Amino acid sequence: RAKCKLKLGLSRVLPDINRSLDFAPTLWQAYLTRAAYHASRGRFPKAILDCNRALNIEANSTRAMIMRGSLKLLNKSLDLGIQDLTEAAERNPTNPLPYFNRGVGFHMKGEYFRAVEDYSIVLLSLKGEEYREHVLLNRALAYMSMNANTSALCDMLDLLNLSNEHATSSPLLHTTALCFYRNLDYSNAISYYSRALVLDKHKSHLRYIQFVQAYLGRGNALLDMNTEISRQLSKRDFLRAIHIDPTFTPAYHNLAISLQLSGKLRQAHTVLSHAISWAPRNTMLLEARAVISLQVQQLDDAFQDLSHALAITQSAKLYNSRGVVLLYAKQGRPAVMDFRAAIDLDPKHILALYNLANVFLAKRQLRQALTLYDRACELCSRENIDDDLFNNRAICKALLGNKEDALEDFKTAASVPACNEDVLFNLALAYYENGDLADAQSTLEKYFSRIAAVDTMAEQLRALLCASEHALTTHAATLNAKTTPL
């Protein structure tokens, strides 16, 4: 009767459980029922004590061990909960429940790889079919936390295909759209956000939040498509989000970014100033307004916004941004101090390392610059190579006389599909100085195909290449004449 009341959510569950324990003090299942009742009321320490009593009576109970481990997770005792669930899995390896709950524990600890392992064991288990939808969702979220967005997308698409209910679930469609967005598939991201918006017309608080987030997500995808039409459409979505929730600061921020990319800097500044007027401690808005102030050469305003943001919260990104503003204001020493402060807060902040190295390069402190460039290049992933970073390191190496390593860095920078034109010119010059005239010529022609204006230095290099090739041809002909028998 106590179990029935607990399932139905009725009151007076404890008297029935206590009476059963009065009749049979060794009835360990009653302790587990009482533990479930305490857990339903959020009294996790009491529930854990009842699990302990059940295990004192029936030490081999896998059910009690799983329940105690799960309660410890809910009580934020993650290591102890994982320990209990591991013991339960060892007792009954064919039961998927301890693996699933242990995966949740690893997920809560931030050990996403181990969480994915446990979720995968559940999916491979013959008895794990009933947990499939929960496991797919949890594993997708773990993959997203690991930035394994393609794997996350596969799990979300499998989850949507399980039933029509899942296929018409706005939160699941929203998460799937986010996976597409992170995989840079903006067309599908827009499609799934649109499906979520069509379904999400209810006014409950949770759906209200999702509705605004869906407009923001679709606007971001349109903005990143980076065409004039898509930017116009993104503004429409950001304005809709603001209309629904006038205090939704991310929509103001992204609307300003969209206006900035369209060249409407004054309007972007106005939007951010309006948002800052009622959210004066929002550092994201302050930083965005500082960037726009920097673009229109209002250096004092940019400096004030970034200083205000740093007074609210200190971060490597804010120190680096203020250092850039100070460089534009020709205040090198304070800029160096800000770049160093950024690196102290985050030694892996690539932009701060790069900017400080540029300052040392400009001052011809080449060894110090090269050390910082090396640190920044080590942090730069192969999938996301910064052509300016490798180009500047190559220049630093060339000035130090290390021409072979400089050439390799120029090649790395030029391997970026949309690299800066200066990289191609520097690579052609490096080939020329290393005596590789053919590669220098082909790289220089590629450079000329990318630029519209006349470049005097590039024309001089082309003339030097032609003269060198002519000299080599003449020299070869002279040698051939000398070796011809009379």
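Biologist: Which residues is Ala302 in contact with, leaving aside its neighbours within four places in sequence?

Modeller: Contact here means heavy atoms within 4.5 Å. Ala302 is found in helix H19, where helices (H or I, at least four residues) and strands (E, at least two) are DSSP runs, numbered from the N terminus. Leaving aside neighbours within four places in sequence, the contacts of Ala302 are Ala290, Ser293, Leu294 and Val325.

Biologist: Is Ala302 buried or exposed?

Modeller: The cut-offs are these: buried means under 20% relative accessible area, exposed over 50%, and partly exposed in between, using a 1.4 Å probe and protein chains only. Ala302 has 0% relative accessibility, so Ala302 counts as buried.

Biologist: What kind of model are we looking at, and how are its residues numbered?

Modeller: This is a predicted model, in which local features need pLDDT of at least 70 and side-chain atom pairs count only at pLDDT 80 or more, while totals for chains, interfaces and linings use all residues. Side-chain values use heavy atoms, leaving out hydrogens and water, and residues are numbered from 1 along each chain as its sequence is written.

Biologist: What separates the C-alpha atoms of Ala302 and Val325?

Modeller: Val325 is one of the residues in contact with Ala302. Along the chain the two are 23 residues apart, and the separation of their C-alpha atoms is 7.1 Å.

Biologist: Which residues does Ser293 contact, leaving aside neighbours within four places in sequence?

Modeller: Ser293 lies in helix H18. With a relative accessible area of 0%, Ser293 is buried. Leaving aside neighbours within four places in sequence, Ser293 is in contact with His269, Gln298, Asp301 and Ala302.

Biologist: Are H18 and H19 roughly parallel or antiparallel to each other?

Modeller: Two packed helices are described by the angle between their axes and the distance between the axes. Axes are lines fitted to C-alpha atoms, for helices over the stretch in contact, and angles run from 0 to 180 degrees between N-to-C directions; under 35 degrees counts as roughly parallel, over 145 as roughly antiparallel, 65 to 115 as roughly perpendicular and the rest as oblique. Helix H18 (residues 283-295) and helix H19 (residues 299-312) pack at about 160°, with axes 8 Å apart. H18 and H19 are therefore roughly antiparallel.

Biologist: How many nonpolar, polar and charged residues are in the contact of H18 with H19?

Modeller: Ala, Val, Leu, Ile, Met, Phe, Trp, Tyr, Cys and Pro count as nonpolar, Asp, Glu, Lys and Arg as charged, and the others, Gly among them, as polar. By these classes, the contact of H18 with H19 has 8 nonpolar, 3 polar and 4 charged residues.

Biologist: At what angle do helices H6 and H7 pack?

Modeller: Helix H6 covers residues 78-91 and helix H7 residues 96-109, and their axes are 9 Å apart. The angle between them is about 155°. That makes H6 and H7 roughly antiparallel.

Biologist: Where is Lys76 placed?

Modeller: Lys76 has a positive phi of about 70° although it is not a glycine. At 63% relative accessibility, Lys76 counts as exposed. Its place is in the loop between helix H5 (62-74) and H6.

Biologist: And where is Leu184?

Modeller: Leu184 is a residue other than glycine with a positive phi, near 65°. Leu184 counts as exposed, at 59% relative accessibility. Its place is in the loop between helix H12 (170-182) and helix H13 (186-199).

Biologist: Which residues does Arg393 touch, not counting those up to four places away in sequence?

Modeller: Arg393 has its place in helix H24 (residues 387-399). Its relative accessible area is 12%, so Arg393 is buried. Not counting residues up to four places away in sequence, Arg393 touches Leu370, Tyr373, Asp374, Cys377 and Asp409.

Biologist: How many helices and strands does the protein chain have?

Modeller: Of the 486 residues of the chain, 46% count as buried. The protein chain has 28 helices and 0 strands.
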